[in-house]
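This report describes a structure shown below.

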Amino acid sequence: MSGSDIVFLLLAAITVGSAAVCVFARSLIYSAFALLFTFFGVAGLYLLLGADFLAATQLLIYVGGILVLLLFGVMLTHKLYDLDLRSEVHQFWASLVVFGFLFAILAVNIHRTPWRLGPGRPPAPTTAEIGREFMGAWLLPFEAASILLLVALIGAAMIVRRKKEA
Amino acid sequence: MIGLQHYLLVSAALFSLGILGVLTRRNAVNVLMGIELILNSANLNLVAFSRYGAGNLNGQLFAVFVIVIAAAEVAVALAIVLTLYRLRRTPNLDAADLLRG
């Protein structure tokens, strides 16, 4: 077992373990902080896969943006003196059965499928190449994504704006 | 030796846990967390295929778009959750039944 295998097992354990905590935790704050570790674990897996740019993007956008936004959501939709911030759990056992079947089906199929592996891409710095691809073959999706972001942010601001009293 | 299938297994676990979170929770913010888990698992798949597949960067480029969509999605979703909270004083999704006849 080589060093990178051990790192993979460690990162996989962190990722899946904290995702489980996120799903099972009774408190919303615990869920949010467990999600933080899941995002860190996924960023580490990206690094292990040689996706350095994507790992940095994951940290910046998921940890720095989306998680902070989710915490704002927690804080704004609960009374702040209500410290335990409990979240109800419904239909737990039926969902657990669904979870078990889903994971079993996925795992069996991942194991059985004869994956056609290509030459692969050995880990190497990717940022320059990603930039060239975005400005080249992927220019139209890139621009569409930027317009989507603009529209989504304006739309979000419009939705939460208080309407004037008629 | 760690290969493609191990990454896919981690991703499958993340996906199933995300589905479990979406199914069991009534709190809208918690459901959003489950959706983030699902999107992350999809991204992990894309990056793993990019590493072990045809040897180009298309998987990673697609993952960047998924991250962009996730950011837009969470912004709009939180706006909707806040509006629901203002209307019903609860982040509980069962309260969002205004369209029921």
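How many of the 25 residues of helix 2 of chain B are buried? The count is 22 of 25, and the helix is mostly covered. A residue is called buried if 20 or more other C-beta atoms lie within 10 Å of its own, exposed if 12 or fewer, and partly exposed in between, with C-beta atoms placed from the backbone.

## Basis of the model

This is a predicted model, in which local features need pLDDT of at least 70 and side-chain atom pairs count only at pLDDT 80 or more, while totals for chains, interfaces and linings use all residues. Residues are numbered from 1 along each chain as its sequence is written, and chains are lettered from A and ligands numbered from 1 in the order in which they are written.

The predictor assigns the complex an ipTM of 0.91 and a pTM of 0.90. For chain B the average pLDDT (the predictor's confidence in each residue, from 0 to 100) is 90, and 99% of the residues score at least 70. Among the elements of chain B, the mean pLDDT is lowest in helix 3 of chain B, at 91, and highest in helix 1 of chain B, at 94.

## Chain A

Chain A has six helices and zero strands. Helices (H or I, at least four residues) and strands (E, at least two) are DSSP runs, numbered from the N terminus. The radius of gyration of chain A is 21 Å, well over the 15 Å that the globule rule gives for 166 residues, so the chain is more spread out than a compact globule. The radius is taken over C-alpha atoms, and the globule rule is 2.2 Å times the number of residues to the power 0.38. Along the principal axes, the C-alpha trace of chain A spans about 65 × 45 × 25 Å.

Of the 166 residues in chain A, 26% are buried. Helix 4 of chain A (residues 92-112) is hardly covered, with one buried residue among its 21. From first C-alpha to last, helix 4 of chain A reaches 30 Å, close to the 30 Å expected at 1.5 Å a residue; the expected span is 1.5 Å times one less than the number of residues.

## Chain B

Chain B consists of three helices and zero strands in its secondary structure. Its radius of gyration is 17 Å, well over the 13 Å from the globule rule for 101 residues, so chain B is more spread out than a compact globule. The C-alpha atoms of chain B fill a box of roughly 50 × 25 × 20 Å along the principal axes. Buried residues account for 54% of the 101 residues of chain B.

Helix 2 of chain B should span 36 Å at 1.5 Å a residue, and its end C-alpha atoms are 37 Å apart, which agrees. Helix 3 of chain B, with 31 residues, reaches 44 Å, close to the expected 45 Å. Just after helix 3 of chain B, Arg89(B) takes a positive phi of about 60°.

## Contact between the chains

In total, 60 residues of chain B are in contact with 67 residues of chain A. Two residues are in contact if their C-beta atoms, placed from the backbone, lie within 7 Å. On the side of chain B that touches chain A, helix 1, helix 2 and helix 3 of chain B each give two or more residues. Helix 3 of chain B gives the most, with 20 residues.

That side of chain B divides into 42 nonpolar, 14 polar and four charged residues. Here Ala, Val, Leu, Ile, Met, Phe, Trp, Tyr, Cys and Pro count as nonpolar, Asp, Glu, Lys and Arg as charged, and the others, Gly among them, as polar.

## The nonpolar core

The largest nonpolar core has 65 residues, and those with the most contacts inside it are Leu45(A), Tyr46(A), Leu70(A), Leu14(B) and Val47(B). Such a core is a set of buried Ala, Val, Leu, Ile, Met, Phe, Trp, Tyr and Cys residues joined through C-beta atoms within 7 Å. Elements giving two or more residues to this core include helix 6 (139-160) of chain A and helix 1 (4-24) of chain B. Helix 2 of chain B gives the most, with 13 residues.

Leaving aside residues up to four places away in sequence, Tyr46(A) touches Ala51(A), Leu54(A), Ala55(A), Gln58(A) and Val47(B). Leu54(A) lies in helix 3 of chain A. Why does Leu54(A) count as buried? It has 28 other C-beta atoms within 10 Å. With neighbours within four places in sequence left out, the contacts of Leu54(A) are Tyr46(A), Val47(B), Gln60(B), Ala63(B) and Val64(B).
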